[in-house]
Amino acid sequence: MESIIQIDQLTKRFPAGTGQFTALKNISLEFRKGEFTGFVGPSGSGKTTLLNIIGSLDTPTEGEVTVLGHSIAQLSHKQSAQLRNRHLGFIFQTYNLFPVYTVYENVEFALLLQHMPAAERRKAVLDALEWVGLTDKIDSKPAQLSGGEGQRVAIARAMVKQPAIMLADEPTANLDSKNSHHILQTMKQLNEELNTTFLFATHDEKVMAYLTRIISLEDGRVVKDDVIMMDNVMED
Amino acid sequence: MLAIQLAFKNISGAGFRTILNIAVLSFAFVVIIFYNGVLEGWNQQARRDTMEWEIGQGQLWVPGYDPLDYLSYQDAHGPIPETLKPQIAAGQLAPVLVAQASAFPQGRMQGVVLKGIDPGQKMLKIPTALLEGQEAEMPALVGKRMAQSIKVKEGDQLLLRWRDKNGAFDAREVTIAGIFDSNVPTIDGGQIWLPLERLQEMLGLPGEATLLVAGEGFTPFANAPWAFKDHDYLLADLDMIIQSKKGASGIVYGLLLVIALLAIFDTQVLSIFRRQKEIGTYIALGMTRWQVVRIFTVEGAAYSILAILLGAVYGAPLLWYLSKTGWAMPSASQDMGISIAEKIYPVFGAGLILATVLLVVLSATIVSFLPARKIAKLNPTDALKGKIQ
């Protein structure tokens with residue numbers, strides 16, 4: 001399978017007080033299309049930082065990160081925005097839905113940025129909402145949704161543009177067990193049917209049970225990189 | 001287009017905050033238009049009244065006449081030039097003779113200006129017809145300010161003393177034939193109007209005048225024996241007063257606008273602080289930072305557009321009503337020495353409304369842009385975490 005993300009000797013430092021804090025140290029990884037991979041580790045291990053750099057929301061201090069052939073460090077603001085808009089989907093722990101938009105409008109947002117024609121846009125939004133089972137909620141506002149429904153809207157918003165890579169930062173942290181499995185099954189199905197690459201930052205056991213590759217981080221270093229078979233998916 | 005769409009969606013979802021901002025800004029918008037409308041109405045009214053009551057379509061002055069120098073009055077007269085007599089006969093020019101005198105109301109002495117005018121003139125609105133057909137030997141007209149100042153009423157006698165062309169003192173009682181009510185103080189305060197021929201006779205200046213008021217149909221010609229003063233010259237002082245009033249009023253409506261804009265500025269600063277995650281999400285979903293800045297800037301501008309629409313809803317009927325019924329001025333304003341009517345009818349021209357709309361939209365856009373610029377410097381990962389202080 002083709003390699004879509006290459007990380008070579010990545011180091012990321014942040015200013016901290018008078019000195020600097022090293023969040024990631026000499027990380028080298030490669031990801032292929034269709035992976036369902038998770039970065040696991042305790043808080044402060046660098047999971048989210050790594051996800052942010054792959055998502056071009058942040059840049060490396062040292063080393064090289066290439067996503068879909070684009071070197072993250074070399075991208076202008078506009079180019080990185082285009083990369084995110086066209087090829088990357090984000091799912092956040094707190095869903096980050098726009099509170100004043102309806103479910104439909106939240107999902108439609110990414111397509112508006114792509115200037116997709118209205119009819120095509122509507123079909124794509126309704127397909128995405130059907131995928132996550134929320135066609136009956138299209139006119140609801142985020143405040144009227146349960147946690148699980150909110151995260152499903154976030155998944156629909158991320159997948160509606162059919163990105164090559166989905167980046168999910170603790171997607172189940174605010175969900176109960178039943179909703180977590182529902183969300184994970186939806187993402188797994190998406191991964192299998194559309195061959196979308198999923199990268200998670202998590203320390204949730206439920207998520208780990210679905211992953212096909214687990215990369216363990218500790219103090220900004222990769223301490224383990226395990227490829228797992230798919231027959232151990234947990235059922236609630 | 002997307003920015004406009006999103007901005008309107010955001011402010012419609014902001015609820016009470018939006019209502020408050022729009023209400024304050026619309027109030028400022030209506031008051032600014034009202035203030036300017038009153039000034040414009042006053043300006044137009046004062047110019048119109050001054051033309052109708054005092055200066056006509058312009059004036060021709062005898063050499064040496066200076067209306068602001070009373071000492072010039074003694075010599076500021078001359079025979080009416082032959083070349084201008086046809087226009088006088090045609091009713092295009094009205095001669096006025098000006099002289100200094102003293103009045104003795106209730107035994108006290110007061111300096112006055114005597115003005116002789118043809119009782120049959122139709123050029124000015126001064127009711128000079130009252131000077132005709134009077135039984136009184138010497139009828140006189142005064143304005144309401146003058147009547148109040150010397151405490152006379154219609155039919156009262158008033159002793160006048162003046163110097164004739166040879167400098168000899170003479171005195172006579174005049175009878176107040178009428179008291180006119182004009183908004184123009186410069187034809188009223190300290191002035192007594194007499195029939196032209198009678199004043200010429202009193203001064204020993206038959207056929208002479210100080211100035212000629214031009215009416216409709218008069219065309220100034222080159223090499224006229226007396227200098228023609230046009231509206232720009234004669235209304236210069238009035239225009240200057242209006243301009244200075246505009247400046248003073250500008251401070252008031254500037255303050256109003258600043259208060260309204262501060263509300264928007266505050267809202268935008270608060271929005272950027274409170275909506276960090278939203279900003280981070282916009283960027284994560286593929287917006288550039290400047291696209292997000294544009295959304296927030298358009299949001300501020302949208303407040304002003306909604307404020308203008310709201311202002312139009314309640315302001316249009318209110319201002320229309322005021323423009324029809326007028327705005328009563330306090331009685332003290334009559335003593336200010338400038339043309340102020342008892343009621344000013346505000347004039348709300350398209351130019352005024354358009355300029356105010358542009359001012360409000362532009363300033364609201366600028367004060368929204370200033371805090372929104374901060375977004376361009378945001379680190380999206382910090383924004384997503386809500387870490388920005």
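What share of the contacts in chain A with a separation of 6 or more comes from residues 24 or more positions apart? In this predicted model, such residues account for 68% of those contacts, two residues being in contact if their C-beta atoms, placed from the backbone, lie within 7 Å. Local features need pLDDT of at least 70 and side-chain atom pairs count only at pLDDT 80 or more, whereas totals for chains, interfaces and linings use all residues. Residues are numbered from 1 along each chain as its sequence is written, while chains are lettered from A and ligands numbered from 1 in the order in which they are written.

Chain A contains seven helices and 10 strands, where helices (H or I, at least four residues) and strands (E, at least two) are DSSP runs numbered from the N terminus. Its C-alpha trace spans about 50 × 40 × 40 Å along the principal axes. The radius of gyration of chain A, 18 Å, agrees with a compact globule, because a globule of 236 residues would have a value near 18 Å; the radius is taken over C-alpha atoms, and the globule rule is 2.2 Å times the number of residues to the power 0.38. Of the 236 residues, 45% count as buried, a class that requires 20 or more other C-beta atoms within 10 Å of a residue's own, with 12 or fewer making it exposed and values in between partly exposed.

Within chain A, helix α3 (residues 103–113) packs against helix α5 (residues 147–159) at an angle of about 30°, with the axes 7 Å apart. The two helices are therefore roughly parallel, the term for angles under 35 degrees. On the α3(A) side the contact involves A:Val103, A:Asn106, A:Val107, A:Phe109 and A:Ala110, which meet A:Val153, A:Ala156 and A:Arg157 of α5(A). These residues divide into six nonpolar, one polar and one charged, with Ala, Val, Leu, Ile, Met, Phe, Trp, Tyr, Cys and Pro counted as nonpolar, Asp, Glu, Lys and Arg as charged, and the others, Gly among them, as polar.

The contact between the chains takes 20 residues from chain A and 15 residues from chain B. On the side of chain A that touches chain B, the elements giving two or more residues are α2 (77–87) and α3, and α2(A) gives the most, with six residues. That side of chain A divides into 11 nonpolar, six polar and three charged residues.

A last stop is A:Thr212, in the loop between α7 (205–208) and β9 (213–218) of chain A. A:Thr212 counts as partly exposed because it has 18 C-beta neighbours inside 10 Å. Although A:Thr212 and A:Ile228 are 16 residues apart in sequence, their C-alpha atoms are 4.7 Å apart in space.

Methods:
Axes fitted to C-alpha atoms, helices over the stretch in contact; angles between N-to-C directions. Parallel < 35°, antiparallel > 145°, perpendicular 65-115°, else oblique.
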